[in-house]
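Please keep the viewer open as you read.

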Amino acid sequence: MNEEYHLITKKIRDMINYNNSMVLHFPKYEKYLLANKIRELGYQLFELAITINKKIIKKTTLTDLNIKHELLRQLVNLSFELKYINLRKHRTCQYHIDEIGKMIG
């Protein structure tokens with residue numbers, strides 16, 4: 001689990017770095033709503049990944065991680081539909097989210 005833990009936390013950090021640079025270009029009126037929620041969910045995923053590594057019974061924390069992961073995916077889709085990000089940024093962000101999703105199952 002230790003190697004998996006380091007790999008998933010690295011992937012989440014990469015996603016956080018990309019998402020933080022991506023949301024800088026959101027409209028001013030969305031920077032504190034949708035952009036902040038996307039950033040916050042990235043940090044919550046990071047926190048939950050660390051929590052899972054330290055827990056013995058992981059089922060409820062894994063469920064929380066899956067919920068936050070899907071919410072992040074949907075918010076990125078929403079930002080694409082609202083044309084706050086272009087297709088290239090959307091695909092790159094979804095790639096990062098998919099990689100994490102494959103790891104958490």
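A residue is called buried here when its relative accessible area is under 20%, exposed when it is over 50%, and partly exposed in between, with a 1.4 Å probe and protein chains only. This is a predicted model, in which local features need pLDDT of at least 70 and side-chain atom pairs count only at pLDDT 80 or more, while totals for chains, interfaces and linings use all residues. Residues are numbered from 1 along each chain as its sequence is written, and side-chain values use heavy atoms, with hydrogens and water left out.

Let us begin with helix α3. Helices are DSSP runs (H or I, at least four residues), numbered from the N terminus. The buried residues of α3 are Thr-61, Leu-65, His-69, Leu-72, Arg-73, Leu-75, Val-76, Asn-77 and Ser-79. Their cover includes α1, α2 and α4, where contact means heavy atoms within 4.5 Å.

In α1, the buried set is Tyr-5, Ile-8, Thr-9, Ile-12, Met-15, Ile-16, Tyr-18, Asn-19 and Met-22. Here the cover includes α2, α3 and α4. The table sets out the lengths of these two helices; the expected span is 1.5 Å times one less than the number of residues.

| Helix | Number of residues | First to last C-alpha | Expected span |
|---|---|---|---|
| α1 | 21 residues | 30 Å | 30 Å |
| α3 | 23 residues | 33 Å | 33 Å |

Next comes the core. A nonpolar core is a set of buried Ala, Val, Leu, Ile, Met, Phe, Trp, Tyr and Cys residues joined through side-chain atoms within 4.5 Å. The largest one has 26 residues, and those touching the most other members are Ile-12, Met-15, Phe-26, Ile-38, Leu-72 and Val-76. At least two residues of this core come from each of α1 (2–22), α2 (34–54), α3 (59–81) and α4 (87–104). The most are given by α2, with 8 residues. Which residues does Leu-72 contact, leaving aside neighbours within four places in sequence? They are Met-15, Asn-19, Ile-38, Leu-41, Leu-45 and Ile-97.

How do α3 and α4 lie relative to each other? Their axes, which are lines fitted to C-alpha atoms over the stretch in contact, with angles from 0 to 180 degrees between N-to-C directions, come within 10 Å and cross at roughly 170°. The two helices are therefore roughly antiparallel, a term for angles over 145 degrees. Among the residues making the contact are Leu-65, His-69 and Val-76 of α3 and Leu-87, Cys-93 and Ile-104 of α4. The residues of this contact divide into 9 nonpolar, 6 polar and 2 charged. In that count, Ala, Val, Leu, Ile, Met, Phe, Trp, Tyr, Cys and Pro are nonpolar, Asp, Glu, Lys and Arg are charged, and the others, Gly among them, are polar.

Two residues of α4 deserve a look. His-90 sits in this helix and counts as buried because its relative accessibility is 12%. Beyond residues up to four places away in sequence, His-90 touches Val-76, Asn-77, Phe-80 and Ile-85. Asp-98, also placed in α4, counts as partly exposed at 32% relative accessibility. Asp-98 and Glu-70 are 28 residues apart in sequence and 10.0 Å apart in space, C-alpha to C-alpha.

Finally, the loop between α3 and α4 holds Lys-83. Most residues other than glycine have a negative phi. The phi of Lys-83, however, is positive, near 65°. With 71% relative accessibility, Lys-83 counts as exposed.

Technical notes:
Angles under 35 degrees count as roughly parallel, over 145 as roughly antiparallel, 65 to 115 as roughly perpendicular and the rest as oblique.
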